[in-house]
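Me: I want to learn how to read helix packing and a ligand site. Can you take me through a case?

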Amino acid sequence: MQIQLDNITKHFGQFQALSPLSLTIEKGEMMGLLGPSGSGKTTLLRIIAGLENSNSGQIHFGERDVTQVHVRDRRVGFVFQNYALFKHMTVAENIAFGLQVMPRRERPSAAAITQRVNELLEVVQLGHLRQRYPEQLSGGQKQRIALARALATQPEILLLDEPFGALDAQVRKELRQWLRRLHDEMAFTSVFVTHDQDEALELSDRVVVMSNGQIEQVDSPVDLYASPKSRFVFDFLGNVN
Ligand code: ADP
C-alpha cells in the first residue's frame, strides 16, 4: 500500500520537531529513515502509525485519507524500540494481544486466534517458545516475537523503530536478511528507523536522510553513496573510505 505524506508538521510546545515535510513511499518499498539522534525519525514514524498526531498536513494510505483515523483503524504493524513485549504474558499471549483487542465485530474467534498465533510462530520459527515469558528469551528471539505480534492483524504496512538497535552485530546481520526476505515474501510496504548507516544502506530500497526535522535527501543506496548530499552521510562515507 502506498504511503503519501503531504506537508506534515509537528511541534512539541515551541519546539518544531518536523518542518513541512512531504514524501511518497511506494507500495512494496522498504524505506529506511536515517539520521542522527533527535532529527525527527521516530516522530515521523509515529505520525505514520497514528500513535502521534501531526499539527498539519495529510496522510494517505493508497486512496484512503487516514489523517484523522485512529491508530487502531490504520491497520499498521508497529515494532517498538526495545520490543516492548508484555512481561507478564507468554510469547503466545503477546502475539495474540493485537487480535484480542480488535473491535468485537471484527475479532476472530478464540480458535481462529490460536491458529493465527501458530502460523505466526511458524513464520518467525519460534514455535517451541510459545509458553515462555519474554525474560526467558534472547534479544534476537524477542525481536522476532515483537515482529510476529506486529503481523498478527495482517497489516499491509510494517513500521519498525530501530528494530535491531539492541542486538549484537552477528544477530543483527542475520535478522536484517531475514526481515528483508519476509518483507519481499509478504509484499509489505515497510518503513524503518535507524541511525546506523550500514543498516539503512543494506536493507532499504530507498533511504530518507533526515536532519533537524527536515528531509535532506531521498535516494537509493547506490545514489546515496554516489552523491551524498547530507553532512551526516558524507562524514560516514569519509570514515569508511
Ligand atoms: P530521532 O528519532 O531522530 O532520534 P525524535 O523523533 O525522537 O528523533 O525526536 C525529534 C525531536 O523532538 C527531539 O529533539 C526530541 O527531543 C523531540 N521530541 C520527541 N518527542 C517529544 C515529546 N513527546 N515531547 C517533547 N519533545 C519531543
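Me: At what angle do helix 5 and helix 6 pack, and how far apart are their axes?

Reply: Start with the general idea. Two packed helices are described by the angle between their axes and the distance between the axes. Now the case, in a predicted model. Helix 5 covers residues 139-151 and helix 6 covers residues 169-186. They pack at an angle of about 20 degrees, and their axes are 11 Å apart.

Me: Which word describes how helix 5 and helix 6 lie to each other?

Reply: Angles under 35 degrees count as roughly parallel. Helix 5 and helix 6 are therefore roughly parallel to each other.

Me: Is the crossing of helix 5 and helix 6 left-handed or right-handed?

Reply: Right-handed, for helix 5 and helix 6.

Me: What about helix 3 and helix 5?

Reply: Read the pair in two numbers again. Helix 3 is residues 91-100. Its axis is 7 Å from that of helix 5, at an angle of about 30 degrees. That makes helix 3 roughly parallel to helix 5. Helix 3 and helix 5 have a right-handed crossing.

Me: And how do helix 3 and helix 4 cross?

Reply: Helix 4 runs over residues 110-123. The axes of helix 3 and helix 4 cross at roughly 125 degrees and come within 9 Å. That makes helix 3 oblique to helix 4. The crossing of helix 3 past helix 4 is right-handed.

Me: Now the ligand. Which residues surround it?

Reply: List the shell, then see which elements supply it. The ligand is surrounded by F12, F15, A17, P36, S37, G38, S39, G40, K41, T42 and T43. Strand 2 (15-25) and helix 1 (41-49) each supply at least two residues of this shell. Helix 1 gives the most, with three residues.

Me: How many residues of the shell are nonpolar, polar and charged?

Reply: Sort the shell by class. Six residues are polar, four are nonpolar and one is charged.

Me: How much of the ligand's accessible area does the protein cover?

Reply: Compare with the ligand on its own, which has 560 Å² of accessible area. The protein covers 59% of that.

Note on methods
Residues numbered from 1 in each chain as written. Predicted model: local features only at pLDDT ≥ 70, side-chain atom pairs only at ≥ 80, totals over all residues. Heavy atoms only, no water. Near = heavy atom within 4 Å. Areas by Shrake-Rupley, 256 points an atom, 1.4 Å probe, with all protein chains shown as cover. Helix = DSSP H or I, 4+ residues; strand = E, 2+ residues; numbered from the N terminus. Nonpolar A, V, L, I, M, F, W, Y, C, P; charged D, E, K, R; others polar. Axes fitted to C-alpha atoms, helices over the stretch in contact; angles between N-to-C directions. Parallel < 35°, antiparallel > 145°, perpendicular 65-115°, else oblique. Left-handed = near helix turned anticlockwise from the far one by under 90°.
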